[in-house]
Amino acid sequence: MLRALRSAAAGMRAQQLYLDTTAHNLANVNTTGFKRNRVGFEDLLYQTIEPATGAAGNGRSAPLQVGHGSRPSDTTKIFTQGDSEVTSNPLDVLIEGDGFLQVQRIDGTTGYTRDGSLTVDEQGRLVTHQGFVVQPEITVPSDASSIAITADGRILVEQAGQVGANEIGQILLARFPNAAGLVAEGSNVFRDAGVSGDPQVGVPGENGLGSITQGALERSNVQVVEEMVNMILAQRAFEVSSKAVKAADDMMGIAANIRPA
Amino acid sequence: MLRGIRANAEALGPAMRAQEIVANNLANTQTVGFRQDRSAFHRELEDAGAVGSNGGTTGAGGSIGAANALVLAPRIDLTPAAIETTGDPNHLAIDGAGFFAVQGEAGDLYTRDGGMLRGPDGTLLHRSGAPFLGDGGPIVAPSDRAIAVGNDGTVRAGEEIIGKLRVVRLTDPNSLHHVGQGLLRSEAGAEADPESRVLQGSLEAGNSDPVTNLIEMMSLVRAFEANQRAILTQDQSLGRLLGWASQ
């Protein structure tokens with residue numbers, strides 16, 4: 001009977017994480033480049049109380065097994081494309097398709113982001129709005145009068161006293177065989193935790209990488225309606241497991257009163 | 001009288017166990033591809049020889065409780081559940097009665113949960129980390145192309161066919177048992193199931209239905225209570241008898 005209590009409690013814990021994740025998705029509905037999380041659940045181990053013994057006579061054709069509830073098995077990022085929003089800001093870039101911008105994280109390692117709201121730092125380097133330097137480093141000259149970013153990531157600037165545009169660098173994108181294995185680090189940045197495979201860095205628009213659109217941003221791919229439905233499911237699933245706790249408790253109470261005082 | 005108490009007491013254990021199974025079903029209402037257990041009780045004659053001798057003393061044939069054992073015989077419910085469209089190309093669902101085959105450490109395992117992950121080398125993995133089986137073993141997807149899965153389980157990377165997921169029908173569904181993590185093992189074999197269709201971008205929910213499980217739960221509590229009351233009544237009768245005899 002205690003097993004029923006524990007199984008139900010495990011179910012309630014799992015649903016709590018479901019609700020936590022839903023709340024996090026909803027809180028990020030307006031976060032640029034945010035990818036929604038999806039929780040996966042799995043059933044816990046089963047105890048075989050009596051094994052199957054074959055169908056003949058008094059035997060069991062199927063085993064008697066009792067499971068121990070459920071647990072969240074993984075939270076995967078769903079990397080579907082978010083809606084695009086035209087901002088007309090020349091340093092906003094939208095990745096249309098697969099791929100991440102590479103940035104240098106504070107500890108020197110490479111981070112990956114879909115948030116293309118770029119700006120320049122005091123040295124003229126292209127940075128994300130959190131201040132992470134875009135890799136490979138691109139320095140915009142201080143006298144640049146206009147900036148253009150092509151679909152394949154080349155950055156062209158016009159400078160005072162020069163005729164025509166100068167190419168000052170090219171944004172490269174990275175993609176992963178198993179993007180779901182990336183770890184979200186907050187600040188819209190992902191980290192390679194060694195299970196996503198080797199990043200393939202390349203020119204936007206080639207080898208399956210997405211192309212770049214200047215003056216637009218990718219919004220989150222959170223669908224509010226879907227998250228609201230998930231919230232209802234989490235709440236109700238939590239509720240039914242709590243009923244199982246009560247039923248188990250009732251039965252233990254009854255058993256304790258087989259012989260009333 | 002003592003036999004009656006024992007018969008009622010014997011019903012308590014299986015009812016508790018059945019409640020544990022219901023609690024597990026209810027904990028897994030949101031588990032993708034979960035297959036719930038349905039409890040069924042049946043009475044089994046423990047000893048056929050005892051029936052005749054009991055017949056003489058009770059005058060009611062072999063139907064007296066203590067000669068029978070109450071057996072809890074759960075079955076895995078294989079009813080398909082609702083299919084949810086997720087839009088993620090790594091999500092697969094089966095429309096039909098088939099199962100995906102995955103490579104377990106000790107033989108093939110079966111699952112209805114088609115949430116794929118990729119290994120670092122591109123191998124298509126089940127949530128538990130076990131590789132999905134294709135016709136020629138695990139399927140390794142190239143990293144530079146998106147994969148498309150056809151209704152017959154054919155996996156393509158771009159135009160190139162890189163494998164065909166094994167979708168099987170189990171020859172003896174009764175021999176299935178749970179190993180956890182959404183996986184089932186079968187002692188009997190499995191054969192290819194050409195009738196089931198694989199749907200990419202969808203996941204199948206668990207088939208653990210809260211309504212029937214809650215009703216099952218309530219009736220188990222009441223059955224448990226009824227047996228407890230019966231024990232109580234018989235105990236009181238015995239007490240009265242003993243009290244009368246000692247006067």
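Two strands are taken to pair if DSSP finds at least two bridges between them; strands (E, at least two residues) and helices (H or I, at least four residues) are DSSP runs, numbered from the N terminus. The model is predicted, so local features need pLDDT of at least 70 and side-chain atom pairs count only at pLDDT 80 or more, while totals for chains, interfaces and linings use all residues. Residues are numbered from 1 along each chain as its sequence is written, chains are lettered from A and ligands numbered from 1 in the order in which they are written, and side-chain values use heavy atoms, with hydrogens and water left out.

In chain B, three strands make up an open antiparallel sheet, in the order β9-β6-β21. Its edge strands, β9 (114–115) and β21 (197–200) of chain B, each pair on one side only. Strand β6 (residues 91–95) of chain B runs antiparallel to β9(B) and is joined to it by two bridges. His91(B) has Gly115(B) in β9(B) as its bridge partner.

The next feature involves both chains. Two packed helices are described by the angle between their axes and the distance between the axes. Axes here are lines fitted to C-alpha atoms, for helices over the stretch in contact, and angles run from 0 to 180 degrees between N-to-C directions. Helix α2 (residues 224–256) of chain A packs with helix α3 (residues 210–245) of chain B at an angle of about 5 degrees, the axes lying 9 Å apart. The two helices, α2(A) and α3(B), are therefore roughly parallel, a term for angles under 35 degrees. With contact meaning heavy atoms within 4.5 Å, the residues of α2(A) that meet α3(B) include Val240(A), Met251(A) and Ile254(A), and those on the α3(B) side include Leu214(B), Met217(B) and Phe224(B).

Arg17(B) and Glu20(B) both lie in helix α1 of chain B, three residues apart, about one turn of the helix. Glu20(B) is buried because its relative accessible area is 3%, buried meaning under 20%, exposed over 50% and partly exposed in between (1.4 Å probe, protein chains only). Arg17(B), at 28% relative accessibility, counts as partly exposed.

Methods. Angles under 35 degrees count as roughly parallel, over 145 as roughly antiparallel, 65 to 115 as roughly perpendicular and the rest as oblique.
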